[in-house]
Every structure is written in C-alpha cells, then in structure tokens.
Amino acid sequence: MTGLSGVRGLRTAALISIVLGAGAAPAQPLCEFTPAADTGPRMPGLIIGADALLPDGRRPGHGVHVRGNGGIGRVTDFDTLRTAYPDAAVLDCRGLAVLSPGFVNAHEHPATSYAFPDPNLHPGYAHRDEWRLGAGGKTPLPIPERYRFAPENPRMSAVLTAVELRHLLGGATTIAGSGGAPGVIRNIGRHERPGDLALYDAEADVRTFPFSFSVVEDLADECRGGPAHTFPPGEDDDLTFMAYVPHVGEGRAASCAARAEVARYLERVRRRDRRYSLVHGVATDRDDYAVMREFDVTLVWSPRSNLALYGETIDLGAALASGVRIALSTDWSPSGSLNMREEVRCARRVAEASGAGLSAEALWRMATASGAYALGLEDRFGTIRPGLRADLMLVRHAGGDPYESVLTAGGEDVLAMWVDGRALLLSPALDARLSERECATLPGVAPRVCGVLEDLGLSPVRFADLTRDAVPVNDVRRQAPCEP
Ligand SMILES: [Zn+2]
C-alpha cells in the first residue's frame, strides 16, 4: 500500500464510522457469499443466484456464471451451475434479489452532462436551432463547456467521473455519446483521436447532426415554398460498419425544418447499408413509424428533454401500435433526465397522459436490449446471454413484478453493479469480498463505490470537493421537469 492510499484508507474509515455511527455492528449480509476455492492460476469466476431477467422472460431462482474474463458464461438453473463449477465463488440471492442486464443509455452527451438546467429553460422552442443558435429570434440557451478527462485537470476528470457514477447509480452500465471518463461506465463513441481508444469500448457513430448545423436557416427558402434545398453530401458513407445514431427531427411536429429532416433521413435508411437509429424524432408521425419499422430503424427516445425544450414528444400511442423499436435515453443534464430510472419515470407519465399502455417489461426492454440494438452492439451487451459482457445490476426484490424492482430501485435497493464483470458499486448489505478493489463510501450514497476513486487517486472528501458545483451523483431535485 502506498502512503497516499494509506491516507485514503484512513479517510474512508473515518467516513464509514460517521455513516454507521459509533458502535454500530455490521449487519448480517443479505445474500450468502462463498469465496472461490483456491485454484492457483485458474479463474473459476462467480455464480450469481437470483430472479434473472433473460431475453425470453424472468427465471426465478436462476443462476448466471460470470467468467473470470468478465464475460457471461452459462445461464441455467442455480444447482446445475454449482455442480458444473464447484470452485467458483457463489453469491446466492435467490428469492431476495433481481438480476438484470444494466441499462444501455443510447444517447447522452457526457462531456456537458454535468451542468444544471438553465433558469431560462422553457418548452417554447419549435426547433433545436432556436435554443442552440437563436433562430427565429428566440433567446438561445447557454451551451456548457465541453469537459475532457485529463490527468492535468483533476476537476474536469472528477466531474466526468461523477457524471458516470450518477448514471451507474441510476442503473446504467453503458452510455453512448462523445466524452466521458475511461474505466468507469462503459462508453460508446467513435474512435477519432488516440485517447478515444481508452475511452470508448466499442464504436457507434454518434456525431450529432446528419445534414447541417443550421437546418432552419438552410431550409428557410424550401419552407417558404421555394425549391427543395440540397445538403452537401455527408462524410459518413465510409462508416457503414458501425451504427449511425444522429439527432433527427428535433423540433415540434409543426416545424417544417424538423419534418424535412425526418423525411430526408427516412430516404437514407432505405439503403439498408448499415444499422440506423433516429435520436429524438419529436417531429415523427404514424407514417414515419411504419417506415422505421420496415427498415429496422430504432427510435431513441428522451421524453424529458423533448418536453422541457419543445413542450411535446413523439406520438407514443402510434409508435407503440406500429411496433417500431424504441430505446430510452437521457440526452443530457441541461434538459434531460439525470439518470435512466428518471427517464423511465418520465416515459410512464407520457404513457399515462396519452392513454398508451406501457408495461414494466416493455419499459425494461426499451432501457436494455433496445438500447444495445440502437447502437448495433446487441451481441456485446444489453441482455443476459452466454458470450456477452457481464454488465449486470443486482437489486433488492421488492416482491411482485421483478421488472418493477429494477425500474424503481432506490439507492438502498441497489445491491451491485458490474461492468465487464467488475463490481463498481457494492451495497454494504453484501459481502465486501465481491470486490477486489478498495470500496469507498461517498456521503449520502448508499452503495459503496469500488476502484473508481482509487483509479483517480482521490479520497471521497477530495472528490466531493472537486465536484461540488456539478450535478450531484444521487440527487435529482434540480433536473428539468417532465410535464406531458
Ligand atoms: Zn442530444
């Protein structure tokens, strides 16, 4: 142990004693834990027993083998697994917990997702160019500075880490979007600079706008009844091996520019030359959903951000009736949900207001497998299937519908979050040996955070100090409103 981590350990111990109070005895662990047998250089992995949410439904008392390489191995009944891998470590939470794939947040802007909503945020914009550029004489919103992870800038690095911890606490194991912190949550983006190799685990083309950065201006003549505008050809046709996940139709259905963007994009997807997704699509309608369904285009939906900026969102009833695939995502903190569970909550409000039926299982698919599909990475993560990465969440079973337990878990209900088989969050209710890394207690945060602050070289106190002005990791009170 280095001197620095020794100091860190002392501070952590001090915080824990504050949290537990003097003389508090550690509670009996919630689930039975058996460490792995000593198998020398072999890696016997970990067997988790729980109510498992698999692609074809829920399996009470099931077993999932997390291999020593961070991948998912066999998925079968618990006793069969124990017999097959007698040396593996075992976490038996059967009847007590639900095991789900982590949420896949297919659309975020991590580099700017530390900022609070601006006081002038209001649902009065007709197209994104109005709040971005002041088009139509509207007052633009401030765009937060893009933060970059860099050793020479501990504050930016800590703030980006806080963004990722916030999403991890909210159930996500993957976020797609440019920027972020390497080695915390799984990041997806496009490899363009050397540092991107360490940051993005896999690629998707998340460049923001497919046609132009000033669509309203470019289409002004066309929208006044003039000749159709021709955008210059895109530079993206050489990237057909990765999914295309751009913002399209981000404006009211009454916005000519937003409608024109949708029409052009849905012409492009007819090429069927790559995985296409469509972020926002506020200005989409019933006919668009039919085309998207036919050409396998996933709608990446951020209802809170839509409502906060435009006062409307997709035609949910028509979208659900069409069978188009929908993936939930948070967009960014200045107008979106602060984590995926808050986005689920907002989606439910929209469903209630529009009379559309949206079951807990359907919402869970929007937040997991459909997000991975939107990114073209469904063979890497997003479901519990042999061969995929072990990006998992374990939450307390609240009784009743296990999908509800996953969607509505509070901080105390989060038992563990694994990314690539590494426990990054671990509840004090579970055996501490489930993490090989040092776990720190952050003030006000129920699960302990494992390895993350250690990698940053920061104590919990210093981390709290550096992130003081940013959106907190576990307090959503200042997020944008969701008012359908
Ligand atoms: Zn966005």
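Predicted model: local features only at pLDDT ≥ 70, side-chain atom pairs only at ≥ 80, totals over all residues.
Residues are numbered from 1 along each chain as its sequence is written, and side-chain values use heavy atoms, with hydrogens and water left out.

**View 1. Domain 1 meets domain 2.** The domain assignment of the protein chain gives domain 1 as 3–101 + 380–449 and domain 2 as 104–374; such bounds come from an automatic or database assignment. Their C-alpha centres are 31 Å apart. Where the two touch, 33 residues of domain 1 are in contact with 25 residues of domain 2 (contact means heavy atoms within 4.5 Å). About 2300 Å² is buried between the domains, with carbon and sulfur atoms giving 65% of that area. Buried area is the accessible area (1.4 Å probe) that two parts lose on being put together, summed over both. On the domain 1 side, Phe381, Tyr403 and Leu407 lose the most area to domain 2, together 29% of what that side buries.

**View 2. Charged and polar links between the domains.** Look for 4 salt bridges between domain 1 and domain 2 (a side-chain nitrogen of Lys or Arg within 4 Å of a carboxyl oxygen of Asp or Glu).

**View 3. A stacked pair of tyrosines.** The whole structure has 8 aromatic pairs; rings of Phe, Tyr and Trp (its six-membered ring) pair if their centres lie within 6.5 Å, and planes under 30 degrees apart count as stacked, over 60 as edge-to-face and the rest as tilted. Tyr114 and Tyr147 are stacked because their ring centres are 4.0 Å apart and their planes are at 15 degrees. Tyr114 sits in the loop between strand E7 (103–105) and helix H3 (128–133), and Tyr147 in the loop between H3 and helix H4 (154–169), so the pair ties together parts 33 residues apart in sequence. Helices (H or I, at least four residues) and strands (E, at least two) are DSSP runs, numbered from the N terminus.

View 4. The structure holds 35 salt bridges. In one of them, the side chains of Arg190 and Asp205 meet at 3.8 Å, N to O.

Conventions
Polar contact = N/O pair within 3.5 Å; in protein donor to acceptor, adjacent residues only side chain to side chain.
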